[in-house]
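Dear colleague,

Please find below the structure that I am handing over to you.

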Amino acid sequence: MAAAAPPPPPTPAPSAPTGLPDSDSTPVGHPLFSRIRLATPLDVPHIQKLIHQMAIFEKLTHLFTATESELASTLFKSPPFHSFTIFLLEVSSRPFEKDSNLHSQNFTPVERIINLDHSLIDPEAETFRNGINGDAVVAGFVLFFPNYSTFLGKPGFYVEDLFVRECYRRKGLGKMLLSAVASQAVKMGYGRVEWVVLDWNVNAIKFYEEMGANVLPEWRICRITGPALDAYRDAI
């Protein structure tokens, strides 16, 4: 996905969204236990598979070249929230095992129970099962990093990727991921969170607008990559 667009003119602040899917602390019917935690280098194999699935969904597989080794060597060089940060979404049919290794001074995992009317079948459960954390299955992720608004005079977060696997969509989990990023931005005193969306993805556009986002059709993405970027190697 592309780099952040320049800051738009100031607009009135939207009313605050609820931020989290409908849930309860008591499992009812067919509960789906969900958790958002910071990703680690051990999660790279799952992250790489998720990115590939996202490329398929966005019809952009011709641009997908990222390998596990490339992701591992570039994503985890800085402390969380100082550079590239990934929140990993895990789900389970049972309560998560307590794991003190998932807690850090940077972020405490967020857990929710989503009560479904019917049992959920995940045809790729074994592929995305996370043996590191018990019976958890990786269901999605969001990758974001700091940017800066000169108009606000504040840093913000730019969301590079937000993806939930197909069988877990329309259950509030994407909202949970994006809300976690927005909540972190507020806690750090940041001014905004922004991202781009494909113009044909009307469901995503509606979802983002319902979360309080302003979709800015007057801005266009500019990108230099591949041979066009390599041509600048000795430009200065």
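I begin with one pair of residues. Glutamate 194 is buried, and arginine 192 is buried as well; buried means under 20% relative accessible area, exposed means over 50%, and partly exposed lies in between (1.4 Å probe, protein chains only). Glutamate 194 and arginine 192 form a salt bridge, their closest N and O atoms being 3.7 Å apart. A salt bridge is a side-chain nitrogen of Lys or Arg within 4 Å of a carboxyl oxygen of Asp or Glu.

Please note that this is a predicted model, in which local features need pLDDT of at least 70 and side-chain atom pairs count only at pLDDT 80 or more, while totals for chains, interfaces and linings use all residues. Residues are numbered from 1 along each chain as its sequence is written, and side-chain values use heavy atoms, with hydrogens and water left out.

Overall architecture

The chain has 5 helices and 6 strands; helices (H or I, at least four residues) and strands (E, at least two) are DSSP runs, numbered from the N terminus. From the N terminus on, the order of the elements is β-α-α-β-β-β-β-α-β-α-α. Of the 236 residues in the chain, 38% are buried.

Salt bridges

The whole structure holds 10 salt bridges. One of them joins aspartate 122 to arginine 165, with the closest N and O atoms 2.5 Å apart. Aspartate 122 lies in the loop between strand E3 (110-116) and strand E4 (137-149), and arginine 165 in the loop between strand E5 (154-164) and helix H3 (173-187), so the pair ties together parts that are 43 residues apart in sequence. Both aspartate 122 and arginine 165 are buried.

Arginine 129 forms a salt bridge with glutamate 126, and here the closest N and O atoms are 2.9 Å apart. Arginine 129 counts as partly exposed because its relative accessibility is 28%, whereas glutamate 126 is exposed, with a relative accessible area of 62%.

What is the volume of the second largest pocket? The value is about 320 Å³. The lining consists of 21 residues, of which Arg37, Leu38, Ala39, Thr40 and Asp43 lie nearest the centre of the pocket. Strand E1 (30-38) and strand E2 (85-92) are the elements that give two or more residues to this lining. On a 1 Å grid over the protein atoms alone, a pocket is an open set of points where a 1.4 Å probe fits, with protein on both sides within 12 Å along at least five of seven lines; lining residues have an atom within 4 Å of a point.

Loops and the end of the chain

Lysine 171 is placed in the loop between E5 and H3 and is partly exposed, with a relative accessible area of 25%. The C-alpha atoms of lysine 171 and asparagine 115 are separated by 9.5 Å, although the two residues are 56 residues apart along the chain.

Arginine 220 is found in the loop between helix H4 (202-210) and H5. Its relative accessible area is 70%, so arginine 220 is exposed. Arginine 220 and valine 196 are 24 residues apart in sequence and 9.9 Å apart in space, C-alpha to C-alpha.

Tyrosine 232 is found in the segment after helix H5 (227-230) and counts as exposed, at 51% relative accessibility.

Definitions and conventions:
Grid points are joined across faces, edges and corners, and a volume is the space filled by probe spheres set on the points.
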